[in-house]
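Let's take a walk through this structure together. Have a look at it first, and then we'll go part by part.

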Amino acid sequence: MNSFDIIGPVMVGPSSSHTAGAAKIGNIARKLLGTPVQDADIYFHGSFLATGKGHGTDKALIAGLLGFPVDDPRIADSFRYAEENGMKYRMSGIDLGDVHPNSVKLILTGTNGRKMEMVAASVGGGAIQVTEIDGLATNFSGDYPTLVVSNLDQPGHITEITSMLSHKSINIATMQVYRSSKGGHAVIVVECDQEVPETAIRWLAHLEGILNVTYLGLKDKA
Amino acid sequence: MYQSFQQIIEIEKNTGKSFWEIVRDDDCKEMEITPEDAFQKMTEMYEAMRSADSSYDPTLSSASGLVGRDGEKVAAARRNGTLLSGSFLGLIMEKAIKMGESNACMKRIVAAPTAGSCGVIPAVFLSLQEEKKYPVEEMVKALYVSAGIGGIIAQRASVSGAAGGCQAEIGAASAMAAGGVAFLLGGDAEAISHAAAMAMKNLLGLACDPVAGLVEVPCVKRNVIGAVNALTSADLAGAGIRSRIPPDEVFDAMRNVGRMLPEDLKETGKGGLAATPTGIAFRNNLKTF
Ligand code: SF4
């Protein structure tokens, strides 16, 4: 903790969890998709559903999907910018079950046709957790450069990832492995201390058994 | 960040460094940045507060319609000279309401320590600077003092309404502002600590009971009491008055009170003003998706 956790962040109001957190979720979803969002189905759960309209959670989320940062004054008018950008969206309520009260589910299609499903929660003070990607449980904050690899659940993929990172002198902060069933579909999430170069990501994506590689850099390229 | 006022008071005694320098130097270590960069970053926070204040829009209401347009009413009363509190306190009241409304109306603000309490520190600091013509550097130092106090509160107690009730938001902001003003009045670490403690004592146990769960009622107007309470607490400390309960113990009491508060009074929108017939009616009329 430092002084700017106390004085700050600079943000668009009214709520760090319901507004700034929602904008951050939108931003991370867009980065994970890796391309501008063409179409979005948005499902609000719990407190996001109950007080989201009053807190501008809807506007903040759309703003995030457009790539606006949490202190961008355009957040209040994000619906208009979405229209100008040709981004389509639908919003509704949902019961996601026993999850954090400030949760939202997103089903996104990018301008390049790529599809992604994600569930995330705003856990307080503007911090968030991505809790599900494409139906598999995850748990990362988006505060680190993050590599999300979907692969077939077979031996060797963890070694491939870690040796690639060590080869590029990238330090691993956390690493989580999830799978749907033994021998089925798995997701490996690696939070790193340094950015992962694009060439390394492409190399990974071409390996046999790797289904999809998503990278969340701290700098927005999309 | 430091966990006790006693620690900072002792460092001041042993090194001659001022409260704000002690906080900043600790930041530099934690963030691995130079003192110049740290000071620059805090200056940006102060300037963001100033621009949030000056970009108040008197025509806006919040999405729920519960708040908005009151800042201009205080401004008019102040111009007409009808405020019993006088022009200077009136200016603080005006800025506190305006910032709270700006937050509810989705304008850009600085959370200090939270969005709901974002009006307290800027209302006091900006008004004081206008009145006394302090150079910006002095204001930024005062902001470091506030940050240091907030850090102590966050570690000993909490700066979140959901965890500690409104004493942890408006109360914490008020204590932070009081310490900052005590510094501007020439107070040492001891005076700063007592100003913060006296401010907190007045707001101990304050419920977090937002109507319909929105950061609007009572939040916007509570920024006024947080700001005015900061000023009077700093003045008491400046006059040489001390809290009979040592500052660190005051904030430990705050933590305990926060734990004792029922969940209904911790941002759930279920107790207090939120549970009044009118509060419930507002909630039932709220639009969802
Ligand atoms: S009542 Fe609750 S939400 Fe409103 S300012 Fe106080 S702590 Fe924040």
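What follows goes from a sheet to the nonpolar cores and then to the ligand.

This is a predicted model, in which local features need pLDDT of at least 70 and side-chain atom pairs count only at pLDDT 80 or more, while totals for chains, interfaces and linings use all residues. Residues are numbered from 1 along each chain as its sequence is written, chains are lettered from A and ligands numbered from 1 in the order in which they are written, and side-chain values use heavy atoms, with hydrogens and water left out.

Start with chain A, where four strands form an open antiparallel sheet in the order β9-β10-β8-β11. (Strands are DSSP runs of E, at least two residues, and helices are runs of H or I, at least four, numbered from the N terminus; two strands pair if DSSP finds at least two bridges between them.) β9 (172–179) and β11 (210–216) of chain A are at the edges with a single partner strand each, so one side of each has no neighbour in the sheet. Between β9(A) and β10(A) (185–192) there are seven bridges, and V177(A) has I188(A) as its bridge partner.

Now for the cores: sets of buried Ala, Val, Leu, Ile, Met, Phe, Trp, Tyr and Cys joined through side-chain atoms within 4.5 Å, buried being under 20% relative accessible area with a 1.4 Å probe, protein chains only. The largest has 83 residues, and I7(A) and F251(B) have the most contacts inside it. Helix α9 (170–184) of chain B gives the largest share, 11 residues.

Finally, the ligand is surrounded by residues including C166(B), D209(B) and R222(B), each with a heavy atom within 4 Å of it.

Note on methods: Buried means under 20% relative accessible area, exposed over 50%, partly exposed in between (1.4 Å probe, protein chains only).
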